Amino acid sequence: MRFAPYPVGDRSVGQRTYADPMDAFGPDPAGLQHALDRLLETGDTAVAEALPTRVPTVGMGSTAALDRLAPLLLDGARDLGAPGFFAHMDPPTPWVTWAVHQWTASRNQNLLHPDTAPTARDIEQTVIDWLAPFFGMDGGHMTPGSTIANLTALWAAREAGALTVVATADSHLSVRKAAHILGLEYREVTWTNPGELVDAVAVITAGHTGSGHIEPLNAASGARWRHVDAAWAGPLRLSERHSKALDGIDGADSVAVSAHKWLFQPKESALVLFARTEEAHRSVAMDGAYLAVPNVGVLGSHGAVAAPLAATIMAYGVDGIASWIDRSMEIADALHQRIVDSTVLEARTTPQSGVVNWRRTDVTVEETVSSLPPSVFVSTTNIDGERWLRSVAANPLADPDLVFQTIEANP
Ligand SMILES: Cc1ncc(COP(=O)(O)O)c(C=O)c1O
């Protein structure tokens, strides 16, 4: 215990004595070991009990709280690394990130203040320095997702004089959201006929959310600012085999990449990168009387989200991450090929970035989804007014045969 006992009142109710709140800052090795044991338990061992409906005024103690939450948070969670999980852009995470996430929670560094995070700020800067060159950018910072990365980039674009956001109909909703927040006009365009661009920030999407399609990265050459939303497909840049799919990205003024998608990070982790970072950061920074350094970007207090990413890159290297991406692409191609060869299924297009859109020809997409056993997941989407199933290769452990055979066999 780090603190001397402090009078916190009677913590006994009936026969039970409850935890002294001042013990919370422990650490309690037995309690942490118990948390680890629960984490490593497999199978649905415990019956999930809902959380108390009324706010607890007296605590049940840390171990009891963990035991109450474990069935919900662990057993109750989808296994994103299961062979039948091939549905969303959410990947399984390397175990080393679980450990580092716990470390960062224990130290609770605030990167807003250099004195409370003397080393965590350097770790973030190092990770940015490692990754920015893959995209032809010279720096940037971490954000909790690409929604915030897009908002930050469009904010910098606005400070550079952009008045209008132009993007295609398939761009992510976060682009419209950012335009709305920033008070910028939003105009939907096609890249073959984008109209006047002099006062525009053009958002080019590398990996549509619904289809994985990568828009031409040299589009909108006359725009005041060119932002590439590479939330999904950006990490292809790390793969020697697939990097070419993003050729041209280094001509952008800014790039958003979600690390909690194809960089296999726990949420909430993404990067906003800039071609001219010093200038861009200056344009989205504010001073505050209580701050030792300017607050850059949308967030105020923020944590060491770069640390699990640093651990992943150090543990497995860029080549290791690329191997997970390559494997995911192979799985998508394998599934696509089986669909093309099938007589009852149809595929929309050849997948460009690991997203397969497909459906049965004899029943609706909804009927297919409701016929699936709990072990197999797909998601759904609308593309050009049509319903499609959507299988996203964010899970390098997925089994395309299992997914294919289950869908083919279950009308
Ligand atoms: C193309 C694209 N942009 C932006 C986002 C938003 O990213 P996040 O969910 O990390 O906020 C997504 C999410 O799926 C996306 O697919």
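This is a predicted model: local features need pLDDT of at least 70, side-chain atom pairs count only at pLDDT 80 or more; totals for chains, interfaces and linings use all residues.
Residues are numbered from 1 along each chain as its sequence is written, and side-chain values use heavy atoms, with hydrogens and water left out.

Let's start with helix α2, residues 62-75. Helices here are DSSP runs of H or I, at least four residues, and strands are E runs of at least two, numbered from the N terminus. From first C-alpha to last, α2 reaches 19 Å, close to the 20 Å expected; that expectation is 1.5 Å times one less than the number of residues. There's a kink of about 45° at Leu69, shortly before Pro71. The bend is the angle between axes fitted to the seven residues ending at a residue and the seven starting there.

Now, salt bridges, meaning a Lys or Arg side-chain nitrogen within 4 Å of an Asp or Glu carboxyl oxygen. The whole structure has 19 of them. In one, Arg68 meets Glu49 at 3.5 Å, N to O. Arg68 sits in α2 and Glu49 in the loop between α1 and α2, so the pair ties together parts 19 residues apart in sequence.

Then there's Asp90 with Lys267, at 3.2 Å. Both sit in loops, and this pair ties together parts 177 residues apart in sequence.
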